[in-house]
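User: Please take a close look at one part of this model, the way its elements pack against one another, and then connect that part to what lies around it.

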Amino acid sequence: MRLSNLFGKTQREIPADADTANHRLMLRTGMIRQLTAGVYSYLPLALRTLRKIEDIIRDEMDKAGGQEISMPVLQPLELWQKTGRDAAFGNGLFTLSDRRDRQLVLGPTHEEVVTDLAASNVQSYRDLPLMLYQIQTKFRDEPRPRGGLVRVREFKMKDMYSFDADEEGLEKNYQAMLQAYKNIYERCGLPVMVIEADSGAIGGKDSNEFMVVSDIGEDEIICCDKCNCAANAEKAKSVKESVYNGEPLPLEEVATPGYKTIEDVAGFLKIPRNHTLKAVFYIADGKFVFIVIRGDIEVNEIKLKNSLRCKDLRLATDEEVSSAGIVAGSASPVGLKGIKIIADDSVTSGTNFVAGGNKADVHLKNVNYPRDFTADIIADIALACAGNKCPNCNGKLTSRQGIEVGHIFKLGTFLSKALGANYIDAEGELKPVIMGCYGIGIGRLMAAIVEMNHDDKGIIWPKSVAPYQVHLCPLFVENEEVAARAESLYKELEAEGLEALYDDRNESTGVKFNDADLLGIPLRVTVSPRSLEKGCVEVKRRNEKKAELVPVDEALEKIKELILSS
RNA sequence: CGGGGUGUGGCGCAGUCGGCUAGCGCGCAGCGUUUGGGACGCUGAGGUCGGAGGUUCAAGUCCUCUCACCCCGACCA
């Protein structure tokens with residue numbers, strides 16, 4: 001490609017609100033252009049890289065036994081109602097109606113469609129296992145798109161679905177996918193961590209996320225510095241050591257004039273925060289719920305949502321709290337009637353806590369579970385934090401930010417049951433197929449690659465996904481020998497099937513070199529009067545400082561060697 | 001959904017106590033001189049100042065409504 005013809009110019013200035021390196025660089029290189037919030041056009045350079053990423057993914061999916069298909073973006077809402085996931089996605093679902101007023105959705109993912117497809121095509125255990133995948137556009141109406149390509153509303157995703165007759169088959173496919181994913185990231189030059197994850201709106205059981213550790217990541221990873229286990233903060237557990245304050249003592253009221261927060265009450269009574277019980281109020285699917293948790297621990301809303309098996313969860317407003325008859329600042333589970341109580345298991349391992357008194361300016365001392373109150377649900381709903389202890393090895397937990405570049409799930413049978421995806425086993429018995437699903441966001445993966453592979457000059461593409469393999473950069477193109485040499489070298493490269501970006505523009509050296517660094521093609525070949533005087537051209541890797549002089553007639557071989565070496 | 005901010009040529013911005021023909025830098029086109037790390041001169045093209053309504057002799061500037069985009073929060077009583 002001649003740079004003079006390339007659609008998408010490099011920019012010297014970019015909007016001030018592009019605050020991540022990958023976003024700035026993709027704008028400056030002219031790879032992407034935003035159309036509206038979370039919706040982008042991909043220009044030629046971006047598309048070339050996206051295709052290379054897709055080809056790596058296809059290769060690994062095919063090796064793992066996948067078959068590529070393509071499923072519709074436009075899907076009947078009815079299908080989503082059958083599985084109940086229209087509600088799970090809620091406002092995240094883009095919906096529309098056709099001319100006959102039929103409700104349609106733009107697919108945020110394809111479990112429903114693929115399960116429906118399997119329902120009509122899988123009949124016997126002989127049809128299993130089956131692995132289907134596609135690389136297809138998804139639409140999700142995110143509350144807040146951000147960070148360039150990191151969180152968008154329209155994006156391409158590789159989604160693979162596995163169908164098995166039994167749990168062993170699922171496990172085998174799941175492990176195969178885990179390995180395939182590791183291969184994909186490695187081939188893309190991206191270091192990833194595999195962590196335990198919550199399965200979220202997709203539903204299901206076991207789930208792992210693939211994380212690129214980066215400060216711009218939106219996810220928090222909780223990781224043990226001793227045993228190296230790691231989990232998304234949404235899912236992570238930590239040790240909640242028992243708080244034993246002696247044998248249970250009689251309940252006792254204590255005046256706490258004006259002291260409402262845990263911080264204030266604990267300070268006033270001169271006790272640690274973990275000797276208190278905290279009350280938090282949520283509205284779960286429209287119903288008021290009362291949460292009790294130890295004062296030093298925060299509620300993990302994802303865990304809470306899972307415990308409640310609810311679809312919608314939000315904090316209760318002040319009005320809702322008072323109309324439920326709760327005394328804000330002194331709320332207590334003790335003596336509470338007619339309200340669902342969910343307690344973190346931390347309240348069961350300790351004695352003589354301080355809790356609210358259900359009267360203004362009064363708290364209760366010596367509250368003990370279950371003597372003084374009981375809960376409708378006892379569960380782990382605690383947020384694990386850096387500094388907590390690891391539940392596996394008692395090591396110290398640390399926290400870091402990560403970009404989620406892949407997510408795999410063991411779905412089980414809830415979708416196949418809802419959509420009638422059954423098979424007849426060897427004994428003639430009808431059974432639901434067991435499913436798994438496996439996703440990678442292609443654009444986000446590209447953003448993560450740029451984020452992890454750049455310097456202050458520009459992108460440093462890994463060879464495997466660079467838009468071009470060689471950046472041919474003649475200087476002083478009005479010099480006839482330079483122009484002739486560059487032209488013939490370009491034609492030779494093309495004839496060899498090598499991907500060359502040829503900067504044929506009559507620009508100054510500074511402009512050309514700066515653009516070369518910005519674009520980040522792995523290998524730069526400079527043709528100039530100075531080097532030609534020595535009968536040479538200059539070859540330089542993007543990730544190295546020094547250039548190397550190579551005799552003109554050896555240049556092609558040298559370039560091939562450098563491109564093909566690892 | 002709540003809070004804050006911004007909308008002026010392709011990009012980045014100034015102009016906003018109302019006042020003449022809306023300006024600067026980059027980029028773009030032409031000519032010339034240059035050019036081993038973002039050169040320079042001259043000439044030129046390109047804007048219904050997000051949109052609608054209003055106030056006024058006069059609106060990019062003031063008022064009302066509206067749309068879009070960005071940032072923060074989605075948070076513990």
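**A pair of helices and their surroundings**

Helix H2 (residues 44–63) packs with helix H6 (residues 167–187) at an angle of about 155°, and their axes lie 10 Å apart (axes are lines fitted to C-alpha atoms, for helices over the stretch in contact, and angles run from 0 to 180 degrees between N-to-C directions). H2 is therefore roughly antiparallel to H6 (under 35 degrees is roughly parallel, over 145 roughly antiparallel, 65 to 115 roughly perpendicular and the rest oblique). This is a predicted model, in which local features need pLDDT of at least 70 and side-chain atom pairs count only at pLDDT 80 or more, while totals for chains, interfaces and linings use all residues. Residues are numbered from 1 along each chain as its sequence is written, with chains lettered from A and ligands numbered from 1 in the order in which they are written.

The crossing of H2 and H6 is right-handed, the near helix being turned clockwise from the far one by less than a right angle. On the H2 side, Ile 56, Ile 57, Glu 60 and Met 61 meet Ala 180, Asn 183, Ile 184 and Arg 187 of H6 (contact: C-beta atoms, placed from the backbone, within 7 Å). This contact of H2 with H6 is made up of five nonpolar, one polar and two charged residues (Ala, Val, Leu, Ile, Met, Phe, Trp, Tyr, Cys and Pro count as nonpolar, Asp, Glu, Lys and Arg as charged, the others, Gly among them, as polar).

Another helix pair is formed by helix H1 (residues 21–28) and helix H11 (residues 442–452), which pack at an angle of about 100° with their axes 8 Å apart, so H1 and H11 are roughly perpendicular to each other. Here Ala 21, Asn 22, Leu 25 and Met 26 of H1 meet Ala 447, Val 450 and Glu 451 of H11, and the residues of this contact divide into five nonpolar, one polar and one charged.

Strand S17 (residues 340–344) pairs with S20 in the parallel sense over three bridges, and Ala 343 stands opposite Ile 378 in S20.

An open sheet of three strands, in the order S13-S19-S18, has antiparallel pairing, and strand S13 (252–255) and strand S18 (353–359) are its edge strands. S18 pairs with strand S19 (residues 362–367) over four bridges, with Leu 364 in S19 as the bridge partner of Ala 355.

Finally, there are 48 residues around RNA strand B, of which Pro 15, Pro 143, Val 280, Gly 510 and Ser 528 come nearest (near: C-beta atom, placed from the backbone, within 6 Å). Strand S14 (277–284), helix H9 (318–323), helix H13 (509–519) and helix H14 (529–533) each supply at least two residues of that surface, to which H13 gives the most, with eight residues. By class, the surface near RNA strand B has 20 nonpolar, twelve polar and 16 charged residues.

Definitions and conventions:
Two residues are in contact if their C-beta atoms, placed from the backbone, lie within 7 Å. Two strands pair if DSSP finds at least two bridges between them.
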